[in-house]
Amino acid sequence: MSGGNLPGTPASGVRLGGPRAAFVWGLGVAVYFTAITYRTSLGVAGIDAADRFHINASALSTFSILQLLVYAGMQIPVGLLVDRWGTKKVLTLGIVLFTTGQFAFALSGSYVMALAARALLGCGDAMTFISVLRLGSNWFPPRRGPLIAQVAALFGMAGNLLTTLVLARLLAAFGWTPTFAGSAALGVLVLVLVLVFLRDRPEAPAPAPASVPAPAAAAPGPDPVRERGYVRRQLAEAWREPGTRLGMWVHFTTQFPGMVFLLLWGMPFLVEAQGRTRAEAGTLLTVVVLSNMAIGLVYGQVIARHHSARAPIALGTVLATAAVWAMVLCWPGRAPLWALVLMCVVLGACGPGSMIGFDFARPANPPERQGTASGIVNIGGFTASMTTLLAVGVLLDATGDDYRIAFASVFVLQALGTAQILRLRGRAHRRERERVVASRVEAVHVPV
């Protein structure tokens, strides 16, 4: 680094923030909103999908597992692409893929075709959130990073809200094909907006006329992006940072209970195990989404003001999630409504808690490695979600739909992730303090 710039600080002379930044970043968020709507559409259609394709619980979980497998597997390649191509190209490709996948899912008449459609959707979905994070860091000051990331996730959850409130009712009223095909029109709309209006970063102001001749420009050096070994070096340097690894395990441990509940198993659990109507179950899923949005704003504000609160909030989220999960599973018979509401409120903290992982990785990596580091972090929660989706489906089939045993698999991954967070926490904090001290010394002693 030079000139005293901290990681994520833009080049000198570029003004960040303001209405134009909000507009351009909002376009990226609109893409993420659309991707979340498509990603979670199966959460309200799980029972319909089982009937349409004549499949059991394990086969039903394969939809979401394959989608998340593709998503998780694409995170590092997407991070590298964002660092190499920029956000506009990656977002454009993502929109084309997830819109095509949603439309193909609408027309699917067989289980195999539907699986292929969800895989395509997952591939496009994988290109959205890392791009939106990079877009935010390009257009807003670094100090606003935690809040910008939480607000992006909040609007993404609004896509989930659209799924639970609107898509579920459209599905009941119009059926499978019209509902899913009609929703694909949203992807076409955001594609047009991105192509016309989105820019990767603000333009630097034109330099003032010089009173003396400018020195001759130095010959351009080799492009590091095109150098041999670029991919390997990006991955190795990002992984070497304890903050990147800590961020991945925070994401792993916090995200997956809420994701599993919203993505697939919440509706069947509430209807089949807890005896709630589909309307009541849909309302409870909406509680998760609304809680997620509200808690995300709180977490973003707190962490932006008190950086040291990151680890306590993440660990507190894990503890609270485990407590309410255990309460509902251990309740004799069916849990009362208040207990289910409380569980849904706490599950709403899982998404905002997972965003804290990016707040560990962001200051640990320079701007040219942000996409790669974000990809590594984002693998965590989706790997845990994929594993749990599979475990729940297999255990349900093996135990004759015993949700208590199947849902208890959550505690295994929570214990693993918590152990890794505690192991890496001190190392990441020490490394981060060293970087801050070095940046301050450099700002004092190195002329700009």
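Start by selecting helix H13, residues 337-347, in this predicted model. Its buried residues are Ala339, Leu340, Met343, Cys344, Val346 and Leu347. Look down the axis of H13: the buried residues fall within an arc of 165°, so they line one face of the helix. An α-helix has 3.6 residues a turn, so residues three or four places apart point the same way. Now show what covers the buried residues of H13; the cover includes helix H10 (242-273), helix H11 (278-305), helix H12 (310-330) and helix H14 (350-361).

Next, select glutamine 75, which is found in helix H3. Is this residue, glutamine 75, buried or exposed? With a relative accessible area of 0%, glutamine 75 is buried. Show the residues around the side chain. A polar atom of the glutamine 75 side chain lies 3.0 Å from the backbone oxygen of tyrosine 71. The side chain of glutamine 75 also makes a polar contact, at 2.8 Å, with the side chain of asparagine 378. Leaving aside residues up to four places away in sequence, glutamine 75 touches Ala126, Ile130, Gly375, Asn378 and Ile379.

The salt bridges come next. The count comes to 8 salt bridges. Select arginine 134 and aspartate 83, whose side chains meet in one of them at 2.5 Å, N to O. This pair links distant parts of the chain, with arginine 134 in helix H6 (residues 129-139) and aspartate 83 in helix H3, 51 residues apart. Arginine 134 counts as buried at 10% relative accessibility, and aspartate 83 counts as buried at 12%.

Move to glutamate 237 and arginine 369, whose side chains meet in a salt bridge at 3.2 Å, N to O. Glutamate 237 lies in helix H9 (residues 230-240) and arginine 369 in the loop between H14 and H15, so the pair ties together parts 132 residues apart in sequence. Glutamate 237 counts as partly exposed, at 27% relative accessibility, while arginine 369 counts as buried, at 8%.

Then select arginine 310 and glutamate 432. They form a salt bridge in which the closest N and O atoms are 3.0 Å apart. Arginine 310 is in helix H12 and glutamate 432 in helix H17 (residues 409-445), 122 residues apart. Arginine 310 is buried, with a relative accessible area of 4%, and glutamate 432 counts as buried at 17%. For a network of salt bridges, select Glu241, Arg431 and Glu434, which are linked in one.

Two loop residues are the next stop. Most residues other than glycine have a negative phi. Histidine 54 is not a glycine, yet its phi is positive, at about 55°. Histidine 54 is found in the loop between helix H2 (46-53) and helix H3 (57-85), and counts as exposed at 71% relative accessibility. Aspartate 401 also has a positive phi, of about 65°, although it is not a glycine. Aspartate 401 sits in the loop between helix H15 (370-399) and helix H16 (403-407), and counts as partly exposed at 45% relative accessibility.

Finish at the surface. Select Phe23, Val188, Leu189, Val192, Leu193, Leu195, Val196 and Phe197, which form a nonpolar patch with about 690 Å² of accessible area together. Which helix gives the largest share of the nonpolar patch? Helix H8 (residues 176-197) does, with 7 residues. Leucine 193 lies in helix H8 and counts as partly exposed, at 31% relative accessibility.

How values were computed. Residues numbered from 1 in each chain as written. Predicted model: local features only at pLDDT ≥ 70, side-chain atom pairs only at ≥ 80, totals over all residues. Heavy atoms only, no water. Patch = residues over 30% accessible without salt bridge, like charges linked within 9 Å, V, L, I, M, F, W, Y side chains within 5 Å. Areas by Shrake-Rupley, 256 points an atom, 1.4 Å probe, with all protein chains shown as cover. Salt bridge = Lys/Arg side-chain N within 4 Å of Asp/Glu carboxyl O. Helix = DSSP H or I, 4+ residues; strand = E, 2+ residues; numbered from the N terminus. Buried < 20%, exposed > 50% of the residue type's maximum accessible area, 1.4 Å probe, protein only. Arc of directions from axis to C-beta. Contact = heavy atoms within 4.5 Å. Polar contact = N/O pair within 3.5 Å; in protein donor to acceptor, adjacent residues only side chain to side chain.
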